[in-house]
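Good morning, colleagues. Please have the display open.

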Amino acid sequence: MSSGRASRRRFTLLAATAVAGVLALSACSGGTKAGGGGNTNFVTGSGGVSTVAKGDRTDAPKLDGTTLDGKALDVTDYQGKVVVLNFWGSWCGPCRAEAKHFQKVSQETADQGVQFVGINTRDPQKSLAVNFEQDFGVTYPSIYDPTGKLLLRFPKGTLNPQAIPSTVVIDRDGKLAARTLAALDAEKLRKMIDPLIAEK
């Protein structure tokens, strides 16, 4: 192996380890920290949901991978829809609590141009995540991301996921529009995404 490839491999491993460390500190927290420093252009409301005005939003990073059922998925394929990204792990208690609510709202909003996508992270065995989805009747796709590499694609100072669970909403133009770092029930989830459904 060339020294360049070895160096890139070491960097990737270190980055994945750093993400795992950050998530370990914040995993399954019930808090609603606002992330980023400097001029972030987002406002965190009393319900813990951070939002960005339409004209100030930044492009969502490229999020792609293989789903839990082995299919290729690229979130950009859903441009034109409101995309609800839920970052979860089968090991996370709050994730279990919110799963039925996400499934319910995903069905309620499917004909309104909304697509739910799960990002499963830190599950060392895919079977654990598959069993979670079966147990809670989750029918929308989830990308399997055991090392958290997709979390690293969010630029610092944006609406980046910083805890498990986190939910990030992408508007119809493919831009980061809203985020929460706490578990949601159906009512709070609808309050988060309904304004984006209503946007023209």
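Val-117 touches Leu-73, Val-75, Tyr-78, Val-83, Val-84, Leu-85, Asn-86, Tyr-140 and Pro-141, leaving aside residues up to four places away in sequence; contact here means heavy atoms within 4.5 Å. What we are viewing is a predicted model, in which local features need pLDDT of at least 70 and side-chain atom pairs count only at pLDDT 80 or more, whereas totals for chains, interfaces and linings use all residues. Residues are numbered from 1 along each chain as its sequence is written, and side-chain values use heavy atoms, with hydrogens and water left out.

Let me turn to the core. The largest nonpolar core has 27 residues, and Val-75, Val-83, Leu-85, Phe-87, Val-117 and Phe-154 have the most contacts inside it. A nonpolar core is a set of buried Ala, Val, Leu, Ile, Met, Phe, Trp, Tyr and Cys residues joined through side-chain atoms within 4.5 Å. Buried means under 20% relative accessible area, exposed means over 50%, and partly exposed lies in between, with a 1.4 Å probe and protein chains only. At least two residues of this core come from each of S5, helix H2 (93-109), strand S6 (114-121), helix H3 (126-136), strand S7 (142-145) and strand S8 (166-170). These elements are DSSP runs numbered from the N terminus: helices are H or I of at least four residues, and strands are E of at least two. Which element gives the most to this core? S5 does, with four residues. Another core, of 19 residues, lies apart from it and has Val-105, Val-114, Tyr-140 and Leu-189 among its members.

Next, the aromatic rings. Rings of Phe, Tyr and Trp (its six-membered ring) pair if their centres lie within 6.5 Å; planes under 30 degrees apart count as stacked, over 60 as edge-to-face and the rest as tilted. The count comes to five aromatic pairs. Trp-88 and Phe-132 form a stacked pair, at 4.4 Å centre to centre and 25° between the planes. This pair links distant parts of the chain, with Trp-88 in strand S5 and Phe-132 in helix H3, 44 residues apart. The pair of Phe-132 and Phe-136 is tilted, because the ring centres are 4.9 Å apart and the planes stand at 50°. Both of these residues lie in helix H3, four residues apart, about one turn of the helix. Ring pairs link Trp-88, Phe-132 and Phe-136 into a cluster.

Finally, the charged side chains. A search of the whole structure finds eleven salt bridges, each being a side-chain nitrogen of Lys or Arg within 4 Å of a carboxyl oxygen of Asp or Glu. Asp-59 forms one with Lys-175, the closest N and O atoms being 2.7 Å apart. Asp-59 lies in the loop between strand S2 (49-52) and strand S3 (64-66), and Lys-175 in the loop between S8 and strand S9 (176-180), so this pair ties together parts 116 residues apart in sequence. Lys-191 forms a salt bridge with Glu-187, with 3.7 Å between the closest N and O atoms. Lys-191 and Glu-187 are four residues apart in helix H4 (residues 186-198), about one helical turn, and both are exposed. Salt bridges that share partners also join Lys-62, Asp-64, Asp-74 and Arg-153 into one network.
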